[in-house]
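Visitor: Could you walk me through reading a model of several chains, one feature at a time?
Guide: Gladly; let us bring it up and begin with the chains.

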Protein chains: 6
Amino acid sequence: MDGIVVRNIERADDGAVARLARFGVATLHEAQGRARLMRPFMRPVYPGAKACGTAVTVLAHPGDNWMLHVAAEMIRPGDVVIVALSAENADGLFGELLATSYRARGAKALVLEAGCRDVAELQAMKFPVWSRAISAKGTVKATVGSVNIPVVCGGALIHPGDVVAADDDGIVVIPRAAASKVADAAAAREQKEDANRKRLAAGELGLDIYGMRDALVKAGLRYVDHIDQI
Amino acid sequence: MDGIVVRNIERADDGAVARLARFGVATLHEAQGRARLMRPFMRPVYPGAKACGTAVTVLAHPGDNWMLHVAAEMIRPGDVVIVALSAENADGLFGELLATSYRARGAKALVLEAGCRDVAELQAMKFPVWSRAISAKGTVKATVGSVNIPVVCGGALIHPGDVVAADDDGIVVIPRAAASKVADAAAAREQKEDANRKRLAAGELGLDIYGMRDALVKAGLRYVDHIDQI
Amino acid sequence: MDGIVVRNIERADDGAVARLARFGVATLHEAQGRARLMRPFMRPVYPGAKACGTAVTVLAHPGDNWMLHVAAEMIRPGDVVIVALSAENADGLFGELLATSYRARGAKALVLEAGCRDVAELQAMKFPVWSRAISAKGTVKATVGSVNIPVVCGGALIHPGDVVAADDDGIVVIPRAAASKVADAAAAREQKEDANRKRLAAGELGLDIYGMRDALVKAGLRYVDHIDQI
Amino acid sequence: MDGIVVRNIERADDGAVARLARFGVATLHEAQGRARLMRPFMRPVYPGAKACGTAVTVLAHPGDNWMLHVAAEMIRPGDVVIVALSAENADGLFGELLATSYRARGAKALVLEAGCRDVAELQAMKFPVWSRAISAKGTVKATVGSVNIPVVCGGALIHPGDVVAADDDGIVVIPRAAASKVADAAAAREQKEDANRKRLAAGELGLDIYGMRDALVKAGLRYVDHIDQI
Amino acid sequence: MDGIVVRNIERADDGAVARLARFGVATLHEAQGRARLMRPFMRPVYPGAKACGTAVTVLAHPGDNWMLHVAAEMIRPGDVVIVALSAENADGLFGELLATSYRARGAKALVLEAGCRDVAELQAMKFPVWSRAISAKGTVKATVGSVNIPVVCGGALIHPGDVVAADDDGIVVIPRAAASKVADAAAAREQKEDANRKRLAAGELGLDIYGMRDALVKAGLRYVDHIDQI
Amino acid sequence: MDGIVVRNIERADDGAVARLARFGVATLHEAQGRARLMRPFMRPVYPGAKACGTAVTVLAHPGDNWMLHVAAEMIRPGDVVIVALSAENADGLFGELLATSYRARGAKALVLEAGCRDVAELQAMKFPVWSRAISAKGTVKATVGSVNIPVVCGGALIHPGDVVAADDDGIVVIPRAAASKVADAAAAREQKEDANRKRLAAGELGLDIYGMRDALVKAGLRYVDHIDQI
């Protein structure tokens with residue numbers, strides 16, 4: 001299945017993406033049942049990075065960024081490019097020149113299970129990138145991979161057209177078909193959290209707001225006045 | 001010993017804590033004989049974080065933040081909550097809602113040998129957190145742990161009521177009984193460093209200020225003019 | 001060869017260093033054929049750090065910063081001190097006092113395959129450091145190493161007097177004798193990139209600018225319209 | 001999609017599995033175009049482990065092995081159980097008692113992106129396990145996951161019924177539909193390698209057998225007699 | 001508290017140690033409520049290592065094994081020496097000569113949060129060691145630490161005289177006062193496991209033996225016949 | 001300097017290599033002043049591996065083993081091939097076919113800062129390999145590197161023709177010119193250790209044999225009878 005570029009993919013609905021973009025990654029991850037979160041070794045290359053868009057996927061090989069050029073042609077406005085690697089690699093497959101190209105094609109961001117370079121320039125031009133490493137290491141253009149096939153990046157499965165949301169907390173994948181439903185669940189969750197936040201800020205305890213006291217006792221929790229009573 | 005909450009703990013003296021709060025972690029660590037420093041994998045979730053307070057301790061389990069809610073009730077103004085884990089874990093056990101609750105109870109900071117989420121919100125509300133990872137991964141509330149027992153966090157032993165100081169350089173634990181003495185030693189050290197800083201800034205060498213030249217020669221150090229003389 | 005300090009070293013030409021200082025690490029690394037880059041575990045202790053200078057080299061031992069004091073005397077204005085370790089170590093071998101001394105002697109920066117402390121102070125005084133860890137852990141002064149011998153730091157070989165350039169992307173070593181030639185190559189590369197950047201920003205594809213299409217087909221790349229055509 | 005057990009899955013053809021079982025992982029990985037290999041942090045818990053079978057998949061949560069009991073009921077003779085985790089975890093989710101149960105149900109092996117315990121007992125009973133860690137850490141049974149849904153384990157995507165082959169070199173996934181074709185390709189590859197092995201053992205060079213000399217020169221390789229000719 | 005050697009310590013009762021020695025680490029860890037297990041980065045230096053004895057504790061510094069010589073004098077027959085480090089270190093603090101000395105003094109084993117060398121010789125002489133690394137790196141003898149004070153090793157707190165049990169699965173600490181009680185609990189657990197093992201080996205499911213089916217349904221587990229029913 | 005093969009190198013003297021081969025890595029490393037040891041992430045792919053020979057060096061690129069074929073032609077009987085990588089990489093650059101070729105050319109072993117595959121076959125044919133990972137991941141043949149230039153492997157500098165000794169404890173490099181002198185020093189050290197081993201085995205303490213007691217007291221060590229005397 002390597003060496004394939006799929007030209008046409010179905011992208012998640014624009015409206016649903018716009019609604020999902022309002023929420024943080026932690027909220028979206030909870031809203032879809034704590035699933036499809038990338039591993040925490042994937043980090044933004046500068047603080048405050050935030051993005052939400054539809055996935056164009058790339059499968060590349062260690063030390064080789066050829067397919068990132070191929071992917072540029074497949075970008076549509078609103079896309080987030082997702083780069084999976086066939087093996088662990090920290091080389092700098094992406095930098096400011098490619099970011100210039102990706103932005104010109106309409107890409108919002110890049111998520112890359114390899115290294116990224118030119119991080120100062122990327123921050124200056126506000127093109128957000130999440131990667132597993134920062135590295136100036138240059139790459140070759142020698143081996144073909146694929147574009148717009150399902151890939152595993154950061155431990156999560158992504159299909160082309162899925163929604164990818166990323167911020168300082170990490171990266172979450174929302175399947176295309178679930179985008180609208182997850183946006184609803186996130187809104188509901190946020191509303192509930194707003195109410196709880198006010199009560200917590202006023203000094204009420206989560207123990208009481210969430211009614212945990214009985215369950216804790218049932219699970220065996222025991223209170224003592226002093227440590228020598230253990 | 002699991003499943004216990006100790007209601008009353010003896011906290012380090014307020015005055016001593018206030019004095020310790022003036023110093024950086026590196027100074028405090030030196031002042032108590034280079035001891036009780038957490039391992040460097042524990043990092044602040046945003047730059048510039050700084051805190052000093054009395055420890056409320058928590059023992060939690062991987063992927064489960066139930067005991068962090070239980071701990072909220074035990075917080076007194078000026079506390080720093082310390083969360084140890086029964087096994088290595090990077091899940092996001094703490095976020096902005098719990099921070100709201102902890103702040104309302106008077107907590108100054110959190111130190112957590114697991115993951116933290118909502119880091120942008122925590123930075124915005126200036127609630128400092130030190131953790132081993134940043135992760136949006138949500139948690140369950142299923143298994144009881146303990147509160148206010150001695151714990152090992154970041155490789156350091158902490159008793160409830162000990163002083164915990166943290167900044168960009170790391171986290172150090174000062175035993176409750178030693179708080180005042182360590183504050184004295186830190187002040188003395190800082191005074192000495194102030195004097196040395198002036199001399200170093202003027203171009204004097206540490207070799208001369210600290211009188212190292214003889215010891216170096218005795219230890220075998222040899223100066224040559226050119227590398228081909230080796 | 002341990003226990004040696006070499007007083008006189010040949011440093012790269014001032015003019016060449018000044019020209020190299022204009023370029024980023026990624027460009028310099030490419031300009032010399034993708035060689036002599038330190039591994040990505042070496043990171044700046046604060047964002048935006050940037051330096052370029054001539055190497056004074058140090059070989060130190062775990063948990064011992066004695067030789068960093070010895071090195072201070074060997075610093076000439078424009079130097080970057082490079083500290084290699086005889087074994088993996090994350091202790092805080094360098095902090096604000098040594099930085100004060102190094103700056104007074106004319107050093108521009110430090111690159112250290114160990115830990116660094118006082119990072120807030122270093123950022124405030126704008127003394128850039130690249131290290132493998134941030135750690136408040138104090139050190140002893142008990143064992144001699146060497147100064148101004150060839151060392152391996154961050155996986156790269158450095159001779160005293162070589163040029164070291166460092167920024168947010170990493171650290172690259174340019175051999176003394178190659179300094180001028182690499183500066184030329186970097187300038188040529190930058191010029192070429194400037195032209196390409198404009199075309200990429202206008203929406204042209206790297207595929208066309210770099211003429212990759214034929215090579216990709218020859219390498220086996222195949223385009224399909226829909227994923228079910230694979 | 002969490003909290004689901006799929007009772008009936010289509011398994012790869014018995015004959016194809018038997019043929020695939022004759023080859024090593026490196027050969028199978030090459031035979032299907034260098035794809036679907038798990039990351040090298042997945043290791044056998046004892047040397048010499050080797051297995052090939054059809055995947056029963058499990059999605060479990062950190063520190064919780066409840067779903068491994070649920071999966072036991074789904075095992076058919078010849079299966080290899082694959083356990084994915086919703087977050088990084090090294091706890092000992094599997095040990096000798098579960099191995100006894102799995103073997104009784106016909107399982108050939110376990111692949112687990114978490115910790116394994118009782119490794120001496122597992123070796124004695126010759127039940128092979130590949131895991132990311134060895135850990136005695138016990139687990140709770142509190143949160144449901146899923147069985148027989150597609151999962152990502154060790155960075156590879158696995159569907160229930162796919163073939164999983166594992167040995168000292170790692171773990172590779174062969175899609176159910178491709179099993180027979182990959183077995184053919186592996187046989188062809190092995191035949192070719194047998195021929196080459198004989199020539200290499202006789203002292204012939206790969207340079208000549210594979211005809212690489214021209215391509216190397218074209219790629220810029222240059223031979224010199226002495227290093228001072230560089 | 002550094003620079004102290006405590007001559008006399010109270011060791012756990014011989015009989016209790018002998019009883020504990022019959023069990024594996026996983027069983028002992030469960031028997032005391034899943035507590036006091038070292039982190040899984042602590043590994044035996046050769047397979048099949050197994051030991052159980054009373055702790056003589058050492059606090060040493062990176063790259064310095066002086067205190068391991070001091071500790072030798074404090075060893076009594078049946079002891080296991082536990083070496084904690086004041087900072088992360090992988091140097092080879094222990095080898096075959098020290099093992100010869102320790103064995104002559106009656107030590108059964110060593111647990112060391114640093115590196116170990118001479119592993120072939122240690123295996124030949126059957127002196128078991130658990131460490132965080134294997135490294136030939138030699139050490140200095142320059143800085144004093146302590147012997148027989150409470151230490152944190154592998155993330156676990158150990159008091160001198162506590163029982164330490166170690167095998168292929170890891171290392172567990174049993175507080176001196178709890179030794180007899182934990183031995184009882186381990187025996188009870190093993191008895192129960194023996195009964196369950198027989199039933200599991202006969203093909204019965206844990207689901208039924210442990211009566212999990214109702215709890216699973218209550219927790220939301222749902223069975224479907226085919227994946228397209230999700 | 002990339003893309004170069006140096007045909008003729010000066011190898012260390014045969015007799016010196018034969019004498020060095022009698023010693024373990026830990027002894028050789030001490031005998032040359034605790035220098036030139038590779039980092040402990042370099043491990044043998046099977047236990048009991050041991051080799052000593054003259055270095056043929058290779059600089060390769062991530063995921064590409066082309067230069068390992070080029071190097072085969074440069075091997076002379078008694079060589080150990082050392083493979084450095086231009087960036088961190090764990091792909092399986094070496095396996096049983098190349099080992100067959102290398103052995104036929106007279107190579108004794110391979111040291112590789114990347115991944116190795118076919119480890120069962122390598123153990124069966126007793127061709128020892130030290131690597132940073134075990135991985136079945138196949139590689140391409142697309143980019144030229146160099147053979148027989150100075151390289152950095154495992155953090156150590158190696159010149160072609162240097163002696164490389166490797167065993168279960170790690171890998172050490174002995175410069176060509178120092179081979180005979182280091183063999184002498186190792187023999188002297190071993191003789192001294194033999195004497196000490198006998199005394200230690202008889203129960204004498206290192207404290208007395210090495211005369212450490214005074215230095216310890218001078219360094220501040222203090223003995224107390226009971227812990228409550230601290």
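Visitor: How far apart are the closest C-alpha atoms of chain B and chain F?
Guide: They lie 13 Å apart, and no contact joins chain B and chain F. Contact here means heavy atoms within 4.5 Å. Chain A and chain E are likewise not joined by any contact, their closest C-alpha atoms lying 13 Å apart. Before we go on, please note that this is a predicted model, in which local features need pLDDT of at least 70 and side-chain atom pairs count only at pLDDT 80 or more, while totals for chains, interfaces and linings use all residues. Residues are numbered from 1 along each chain as its sequence is written, chains are lettered from A and ligands numbered from 1 in the order in which they are written, and side-chain values use heavy atoms, with hydrogens and water left out.

Visitor: At what angle do the axes of H4(E) and H6(F) cross?
Guide: Helices (H or I, at least four residues) and strands (E, at least two) are DSSP runs, numbered from the N terminus. In this case, helix H4 (residues 96-105) of chain E and helix H6 (residues 179-201) of chain F have axes that come within 8 Å and cross at roughly 20°. H4(E) and H6(F) are therefore roughly parallel; angles under 35 degrees count as roughly parallel, over 145 as roughly antiparallel, 65 to 115 as roughly perpendicular and the rest as oblique.

Visitor: Which residues make that contact?
Guide: From H4(E) come Glu96(E), Leu97(E), Thr100(E), Ser101(E) and Ala104(E), and from H6(F) come Glu193(F), Arg197(F), Leu200(F) and Ala201(F). For the spacing, recall a general rule: an α-helix has 3.6 residues a turn, so residues three or four places apart point the same way.

Visitor: How many salt bridges does the structure hold?
Guide: A salt bridge is a side-chain nitrogen of Lys or Arg within 4 Å of a carboxyl oxygen of Asp or Glu. Over all chains there are 96. One of them pairs Asp184(B) with Arg19(B) at 2.2 Å, N to O. Asp184(B) sits in helix H6 (residues 179-201) of chain B and Arg19(B) in helix H1 (residues 14-20) of chain B, so this pair ties together parts that are 165 residues apart in sequence.

Visitor: Is Asp184(B) buried, partly exposed or exposed, and what is its relative accessibility?
Guide: Buried means under 20% relative accessible area, exposed over 50%, and partly exposed in between (1.4 Å probe, protein chains only). Asp184(B) is partly exposed at 41%, and Arg19(B) is partly exposed at 31%. In chain C, Asp184(C) forms a salt bridge with Arg19(C), with the closest N and O atoms 2.2 Å apart.

Visitor: Which side chain meets Glu30(D) in a salt bridge?
Guide: That of Arg117(F), at 2.8 Å, N to O. This pair crosses between chains, from helix H2 (residues 25-31) of chain D to the loop between strand E6 (109-116) and helix H5 (119-124) of chain F. Glu30(D) is buried at 11%, and Arg117(F) is also buried, at 11%. Elsewhere, salt bridges that share partners join Glu30(A), Arg34(A), Arg189(A), Glu193(A) and Arg117(B) into one network.

Visitor: Why is H4(B) described as largely enclosed by the rest of the structure?
Guide: Because 7 of the 10 residues of helix H4 (residues 96-105) of chain B are buried. These are Glu96(B), Leu97(B), Leu98(B), Ala99(B), Thr100(B), Ser101(B) and Tyr102(B). Their cover includes helix H6 (179-201) of chain A, and from chain B helix H3 (66-72), strand E4 (79-85), strand E5 (92-94), strand E6 (109-116) and helix H5 (119-124). Just after H4(B), Gly106(B) takes a positive phi of about 105°.

Visitor: Where is Val80(D) placed?
Guide: Val80(D) is in strand E4 (residues 79-85) of chain D, and is buried with a relative accessible area of 2%. Leaving aside neighbours within four places in sequence, its contacts include Cys52(D), Val111(D) and Val164(D). Val80(D) and Val164(D) are 84 residues apart along the chain, with C-alpha atoms separated by 7.0 Å.

Note on methods
Axes are lines fitted to C-alpha atoms, for helices over the stretch in contact, and angles run from 0 to 180 degrees between N-to-C directions.
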